[in-house]
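I want to write down what I look up here, one topic at a time.

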Amino acid sequence: MTRRDDCRVGSVSLESAWPAEMLVSGADPPMEAGFLKRPFGGRAPEYEEECVVSEERSGANILVESLVRQGVEFVFGYPGGAVLPIYDALFGDERLRHILVRHEAGAAHAAEGYARSTGKPGVVLVTSGPGATNAVTGIADAFLDSIPLVVITGQVPTALIGSDAFQEADTVGISRHCTKHNYLVKDPADLAATIDEAFQIATTGRPGPVLIDIPKDVQIATAPWTDAPAQRRNRYSPPTLGGADEIAQAIDMIASAKAPVLYTGGGIINSGLRATQLLRELQEKTGAPVTSTLMGLGAFPADHADWLGMLGMHGTYEANLAMNQADLIVCLGARFDDRVTGRLDAFAPNSKKIHVDIDRSSINKTVQVDLPIVGDCASVIEQILEGWGSRKPQDLSAWKARIDGWREKKSLSFPLSKEAIMPQLAIQRLFELTRDKDPVISTEVGQHQMWAAQHFHFFGPNKWLTSGGLGTMGYGLPAAIGAQCGNPDSLVIDIAGDASIQMNIQEMGTATQYRLPVKVFILNNEWMGMVRQWQELTYESRYSNSYSDSLPDFVKLAEAYGWKGIRIENESQLDAGIKAMIEHDGPVIVDCLVAKESNCFPMIPSGASHTEMILYGDTVAGTMDDEAKALV
Amino acid sequence: MMHIKHEAEERHVLTVTVDNEAGILAKIAGLFTARGYNIDSLTVADITENHSVSRITIVTHGPPSQIDQIHAQLERLVPVHKVVDLTEVGPYVQRELALVKVAGVGEKRVEALRIADVFRAKPVDTTTGSFIFELTGAPDKIDTFVTLMRELGLVEVGRTGIVAMIRGAEEA
Ligand SMILES: Cc1ncc(C[n+]2csc(CCOP(=O)(O)OP(=O)(O)O)c2C)c(N)n1
Ligand SMILES: [Mg+2]
């Protein structure tokens with residue numbers, strides 16, 4: 001049986017979206033504006049009824065059908081020898097949209113960007129050996145940031161496994177500790193159930209990447225396929241509800257707190273839109289001020305009077321002081337990361353702590369808490385709200401007054417410069433000028449990332465895509481590409497650094513090919529600014545290898561890829577440049593030249609406590625003791 | 001100047017019930033290395049009729065907070081059904097099997113046999129110049145036996161690592 005005459009073709013109009021000659025050649029459609037707005041995916045029900053009950057299908061075919069059944073719209077991938085059968089099964093199949101990246105790391109990050117911006121799992125398809133190893137950075141990134149991915153890797157044929165065959169790598173071994181779960185499938189009869197379980201594991205509980213390694217012979221060999229849901233045992237059932245006793249205790253603790261803080265994280269975003277709505281309700285009921293980790297930005301609206309801003313190493317003075325002085329910290333879907341806590345023995349010394357997390361291993365990992373609640377953020381907040389009834393919180397006016405005092409410090413302020421554009425100002429203008437468009441923002445890693453977190457503001461979830469846990473330079477451009485695929489009508493901007501953008505710059509070609517109008521806004525300081533800043537503060541300004549030498553001409557580079565390039569050299573060009581970027585109906589690089597040696601403040605040096613923040617204008621020693629230097 | 005700090009440590013015995021699938025042992029052993037936990041002993045065998053479930057007994061040591069993390073991290077693995085910290089829920093019995101080869105003649109040989117008798121170690125192989133003793137018991141009993149045999153011509157020792165179980169009628 002060929003792929004073309006199987007049962008599904010009858011009900012799917014291939015011609016409707018794709019010109020016939022494209023189907024024959026399997027090439028991507030000619031570049032035309034707005035092609036992304038065509039409907040993709042979600043057509044499974046149309047053909048299901050017409051299919052025969054059971055038939056033999058190749059492993060590759062079962063994979064494709066299973067992905068369709070999962071509602072997958074996009075596959076981010078790159079072909080190679082060990083996945084040729086799968087690519088052949090994809091040929092001309094327009095139910096799945098394959099986005100051909102330029103490097104497999106780009107595939108994984110694009111899938112992350114898609115997942116984070118849509119709340120749906122991202123799917124990656126790469127070949128064995130170098131294809132898989134190239135994807136590992138993105139998989140590890142998704143693991144640390146709890147992003148749901150399903151990664152399909154080709155493997156050498158079963159009989160050659162272990163023989164150091166061409167393009168063989170122990171993918172399952174390599175990915176073991178950076179996936180939530182992984183599989184080597186040795187029989188096509190196991191594929192449907194494995195894929196079904198992989199999606200469940202990736203998307204439920206604490207989300208994360210799941211990898212399925214499929215040897216080439218398993219892609220070719222056949223097994224029975226039916227339209228009935230895959231039969232498998234259900235062995236994975238993470239908790240969602242918190243225990244009733246704990247909920248009651250939490251309510252008492254919150255109701256009696258005189259200085260509470262809600263410390264929220266990426267778990268709220270992962271828990272879904274409902275969690276962000278419930279968080280607002282909880283805040284209204286309790287009056288507690290809210291801070292968030294880098295990963296949680298957007299879960300609580302940044303224009304709310306009780307919003308404290310981000311906390312942690314580059315968080316606001318008021319957020320960090322509130323954490324330090326609180327009598328109750330309610331941690332919702334965050335994990336007391338070292339970037340957040342600073343020196344552990346000085347972290348929030350006088351507070352009781354409640355920790356709500358779906359992953360019990362996050363609880364008491366670094367900080368001992370008084371009340372652990374294992375459960376899904378949305379469910380637990382809902383339980384708290386149900387039990388809250390008509391209680392009144394304590395009078396928090398004294399607490400709020402203290403917080404207002406800390407706000408007076410205006411810790412995000414920065415000195416303006418006559419000569420150069422301050423990077424913070426560039427972000428502020430970018431925010432103001434794009435605000436009405438509710439953009440999706442991705443970032444690379446470095447100072448620009450922190451400035452974006454500080455000076456761009458978010459009012460809803462899934463708008464902020466950044467590599468928090470792994471801190472992966474090169475994340476932002478592919479993530480923006482993935483986000484644009486999932487949000488074809490949104491303005492998607494990668495706020496980039498001059499060094500980071502070069503780590504996955506090849507993905508410009510991907511955006512060109514698929515007419516993805518992503519914008520890359522480079523804060524070009526000609527330095528690996530964050531590295532330079534640490535060297536200034538801890539190594540007496542010995543700038544070892546942190547200068548961005550031999551930078552390309554980003555405007556010419558843009559043009560070489562068929563993008564628009566815009567250079568902003570001084571403040572008078574800033575607004576016009578940003579507007580031109582927004583108005584251009586296609587991908588744009590903005591090379592925004594900024595003050596070269598500005599530092600990102602406020603900053604809690606590693607190993608310091610929340611009360612030892614460095615603000616703009618403070619004098620800094622330029623060196624640190626070895627204990628502090630040893631901290632990351 | 002900076003020195004690496006060490007914390008007070010405890011020994012714990014954990015039993016882990018897992019799906020008997022490819023790579024599970026590597027997952028568990030790898031979890032310990034990847035996160036810097038210690039394995040003092042690890043035993044594994046399937047325990048159901050259809051060979052689908054295995055029981056792993058792990059002896060580890062570390063600061064109490066780390067032991068709690070080990071417990072939680074093990075539970076986080078998809079093929080893991082259940083983790084029991086026997087040291088926590090105790091009391092429990094623990095047993096280990098050892099094979100101990102001793103070579104010698106004359107008085108030493110007689111003494112080895114006499115001590116084996118005291119320890120209820122059973123000779124499972126004999127030549128005119130050697131014995132292999134089979135011995136089961138708690139790990140320190142085996143330690144003691146091996147120490148005594150050292151003076152009497154110890155050649156080699158093989159130990160299984162412990163298996164352990166909670167006392168009483170209930171399943172842990
Ligand atoms: C893949 C990777 N390699 C190295 C680092 C370490 N690192 C963190 S920030 C940074 C410099 C980033 O420079 P740039 O992109 O220009 O951003 P800036 O700090 O100047 O805004 C480096 C090298 C990293 N985070 N990721
Ligand atoms: Mg830079």
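**Salt bridges**

I started with salt bridges, and the structure, a predicted model, holds 36 of them over all chains. The rule I used: a side-chain nitrogen of Lys or Arg within 4 Å of a carboxyl oxygen of Asp or Glu.

Before going on, I noted the ground rules: in this predicted model local features need pLDDT of at least 70, side-chain atom pairs count only at pLDDT 80 or more, and totals for chains, interfaces and linings use all residues. Side-chain values use heavy atoms, with hydrogens and water left out, residues are numbered from 1 along each chain as its sequence is written, and chains are lettered from A and ligands numbered from 1 in the order in which they are written.

**A:Arg567 and its partners**

I looked up A:Arg567 next. A:Arg567 forms a salt bridge with A:Asp553, and the closest N and O atoms are 2.7 Å apart. A:Arg567 sits in strand 19 (residues 564-568) of chain A, while A:Asp553 is in the loop between helix 22 (529-538) and helix 23 (554-560), so the pair ties together parts that are 14 residues apart in sequence. Helices (H or I, at least four residues) and strands (E, at least two) are DSSP runs, numbered from the N terminus.

A:Arg567 has a second salt bridge partner on my list: A:Asp591, at 3.1 Å from N to O. That pair links distant parts of the chain, since A:Asp591 is in strand 20 (residues 588-593) of chain A, 24 residues from A:Arg567 in strand 19.

Buried or exposed, what is A:Asp591? A:Asp591 counts as buried because its relative accessibility is 3%. A:Arg567 is partly exposed, with a relative accessible area of 31%, and A:Asp553 also counts as partly exposed, at 31%. My cut-offs: buried is under 20% relative accessible area, exposed is over 50%, and partly exposed is in between (1.4 Å probe, protein chains only).

**A pair inside chain B**

I then checked B:Arg159, which forms a salt bridge with B:Glu96, the closest N and O atoms being 3.0 Å apart. B:Arg159 lies in strand 8 (residues 154-159) and B:Glu96 in strand 5 of chain B, so this pair ties together parts that are 63 residues apart in sequence. B:Glu96 is buried at 7% relative accessible area, whereas B:Arg159 counts as partly exposed at 36%.

**Where the chains meet**

How many residues of chain A are in contact with chain B? I got 21 residues of chain A in contact with 22 residues of chain B, where contact means heavy atoms within 4.5 Å. The area buried between the two chains is about 1800 Å², and carbon and sulfur atoms give 48% of that. Buried area here is the accessible area (1.4 Å probe) that two parts lose on being put together, summed over both. A:Arg176, A:Arg235 and A:Arg360 supply 29% of the area that chain A buries against chain B, more than any other three residues.

Across this interface the rule finds 6 salt bridges. In one pair I looked up, A:Arg235 meets B:Asp19 with the closest N and O atoms 2.7 Å apart. A:Arg235 and B:Asp19 also belong to a network of salt bridges, linked with A:Asp196, A:Glu197, A:Arg232, A:Arg233 and B:Glu21.

**Chain B as a whole**

I counted 5 helices and 9 strands in chain B. Read along the sequence, they follow the pattern β-α-β-β-α-β-α-β-α-β-β-α-β-β. The C-alpha trace of chain B spans about 60 × 55 × 30 Å along its principal axes. Of the 172 residues in chain B, 41% are buried. For contacts in chain B between residues at least 6 apart in sequence, I noted that 72% join residues at least 24 apart.
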